Amino acid sequence: TVVTVNGSASHITPRLLYGQMFEDINSGDGGIYAEMLQNRAFQQVTPNTTAALYAWNTINGAGINVIADPSPVSSALPNSLQLTIPEGASGSIGFGNEGYYGIQINSGWTYNASFYYKFPVTSSFEGAATIALQSAEGQVYASASVSLIGSQTTWNKVAVHLKPTLSPMSTANNFTVTLNAAEAAGETIDFAMFSLFPPTFKGRANGLRIDIATTLYEMKPSFFRLPGGNNLGGTWATRWQWNATVGPLVDRPGRMGDWGYINTDGLGLLEYMYLCEDMEMEPIMAVWAGYSLDGESLPDDALDPYIQQATDQINFVIGDPTVNEYAALRASLGHPEPFPLTYVEIGNEDFFASDSYIYRWKYFAGNLTAAFPQLRFIATTYPFDPILDPVPLQYDNHVYQTPGWFIENAFYYDSFERNGTYYFQGEYAAISLNVSDVFGDGRLMYPTIESSIGEAAYMTGLERNSDIVFAASYAPLLMNVANYQWTPNLIAFDASEVYPSTSYYVQQLFSVNRGTEYLPSTVPTYNGTLYWSVTHDSSASTVLIKVVNVDSTSAPMTFNLPFEVASAGFATVLTGPPTASNSPTTPNAIVPITSPMTFSKSFNFTAPAYSVTVLTTQFV
Ligand SMILES: O=S(=O)(O)O[C@H]1C[C@H](O)[C@@H](O)[C@@H]1CO
């Protein structure tokens, strides 16, 4: 195969071309949000049930129960943990939390632990509570003592630092609060709003797990789509509401998320904005637009309160604190400057409710465009189906398919009319080999070389058409291997490790090597086995050639470049057996390998079987 590269760029690479789609689907709580205690505030649980105690366990016969507190720590957190110490017990007694399927204990870290306590009835008790990190067998790695005072009948917050002496391999550990049973016999004590934080990414308070955030950051993503995805709102009653996710943690009620577990909303709108700021990304932010996954759409005369809520959400992000109360709220929380924001998505996958979207889009996009003429609004129905007013200038396309579909559709956007409409490939992934039931049996647990190179073939088409494709993100982004609702995902993790997939490396190779302008070249054969995309980074004057070979045999190629090049360059290759995956048992089975390569104005390159390669050298 001979590829001739054009010397003049057809279009510049859009600044947001590669980014990340996020929602709390096996990914936020217990994942990138660094809180280590599961069910830390008994949010959204039914008091006086054992289910309400999930992730908590009793130690040495203590009585623990989640109560509807007559004087709760806040109106947002009506439940407390009530500890009763029986008479006649001896030794240490209390309760523990198992974390999110484990707690990583690292002797290099200082942990911040805190909780609120009160005595429901005043008592003469005054004694020590020991706060500790210990193995499931009871080996104590770190502990600190606080004194609990029986006359404390109103909520009092205690906070301690914990510095482990060891770094056990196992994450089967507990956070514990214990008292001396003899001293505390007969006492009843209420607790609320526990928290255990490790060090966080860039030291941000209430921030992100360092290893997961670093893995995201190393993909050099340019945008972060939030807060969903389905988790934007499965039912009217439990939809995501920005205002319930900002401010002090004690004021956040949490909600039943759309993926079967309670969201703490500790990772809230401001935390999302800080995530974007700390990783140099721009948010693509969704607003709930009156449709719920249970099929309900609000009628057209009931939208105003939700348009107002969306307006307030946007003002919280970009408003002027001197004129808008929600922008002033942002300033009061520590960020007077507006955050960067260009794109706002109206709903999610509204092709499920396109009839009502005709009026929902009309009123949401109409009102929000008037309020924020500088923003661009993304529609989520199929392009021009139905016809919408005002005419959307951006659409969000989603596709989950087989690797073969992605190969066959590498030219998907080539046929799109250039009529001023831009496209966000907001979700895409090769998820199954089962062409007859992509979402059913045969789902991949982890991306494989076969699925990842299928995505890569498709991505060469996204680059060729990035004059109208302004942003693209694989979905879903993260997967807690101990508790997940969707497979495959880009990055897997457990309580102590992160497992970047083969698709993560494809995303990283394309994102890091995106260039600043697209150089047209010989067009690949439709539904063939070889795909490529050539870009130029005008600041570094590097030429970046991405080559995808989906075939089982290597492919000799010749590239004819438009200008002289430096002879010394590099080839970074991701390749392996088609069914190979990175996983907890094979964490680094397939990683990109970079080696020096000699280039010339016309050079040969053999694309390995089942491979994605980035060839880079400099124009001289
Ligand atoms: O069941 S799906 O509709 O395919 O769910 C998909 C589409 C939705 O936007 C996202 O939340 C989810 C997984 O990424």
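**Exercise 1. Is Phe 119 buried or exposed?**

Solution. This is a predicted model, so take the computed accessibility as your starting point.
- Step one: Phe 119 has a relative accessibility of 1%.
- Step two: buried means under 20%, so Phe 119 counts as buried.
- Step four: Phe 119 and Phe 125 form an aromatic pair, with 6.0 Å centre to centre and 35 degrees between the planes. That pair is tilted.

**Exercise 2. Work out what kind of aromatic pair Phe 95 and Phe 191 make, and where the two rings sit.**

Solution. Some background before the numbers: a pair of aromatic rings is described by the distance of the centres and the angle of the planes.
- Step one: there are 50 aromatic pairs in the structure.
- Step two: for Phe 95 and Phe 191, the centres are 5.1 Å apart and the planes meet at 75 degrees. Planes over 60 degrees apart count as edge-to-face, so that's the label for this pair.
- Step three: look up the strands. Phe 95 belongs to β7 (residues 92-97) and Phe 191 to β13 (residues 188-197). The pair therefore ties together parts that are 96 residues apart in sequence.
- Step four: check the burial. Phe 95 is buried at a relative accessible area of 0%, and Phe 191 counts as buried at 0% relative accessibility.

**Exercise 3. Find the charged side chains that sit over rings, then pick out a ring cluster.**

Solution. 
- Step one: go to Tyr 274, where Arg 204 lies over the ring face at 3.8 Å from the centre.
- Step two: go to Tyr 217, whose ring has the charged end of Lys 220 over it, 4.2 Å from the centre.
- Step three: follow the ring pairs that link Trp 405, Phe 406, Tyr 412, Tyr 413, Phe 416, Tyr 423, Tyr 428 and Tyr 458 into a cluster.

**Exercise 4. Describe how the protein surrounds the ligand.**

Solution. 
- Step one: list the shell. Among the residues around the ligand are Glu 23, Trp 259, His 398, Glu 427 and Phe 439.
- Step two: sort the shell by type, which gives 5 nonpolar, 4 polar and 3 charged residues.
- A polar backbone atom of Asn 230 is at 2.7 Å, a polar side-chain atom of Glu 349 at 3.0 Å, and a side-chain N or O atom of Tyr 400 at 2.7 Å.
- Step four: finish with the cover. On its own the ligand has 360 Å² of accessible area, and the protein covers 88% of that.

Definitions and conventions
Residues numbered from 1 in each chain as written. Predicted model: local features only at pLDDT ≥ 70, side-chain atom pairs only at ≥ 80, totals over all residues. Heavy atoms only, no water. Phe/Tyr/Trp six-rings, centres within 6.5 Å; stacked < 30°, edge-to-face > 60°. Helix = DSSP H or I, 4+ residues; strand = E, 2+ residues; numbered from the N terminus. Buried < 20%, exposed > 50% of the residue type's maximum accessible area, 1.4 Å probe, protein only. Lys NZ or Arg CZ within 6 Å of the ring centre and 35° of its normal. Near = heavy atom within 4 Å. Polar contact = N/O pair within 3.5 Å; in protein donor to acceptor, adjacent residues only side chain to side chain. Areas by Shrake-Rupley, 256 points an atom, 1.4 Å probe, with all protein chains shown as cover. Nonpolar A, V, L, I, M, F, W, Y, C, P; charged D, E, K, R; others polar.
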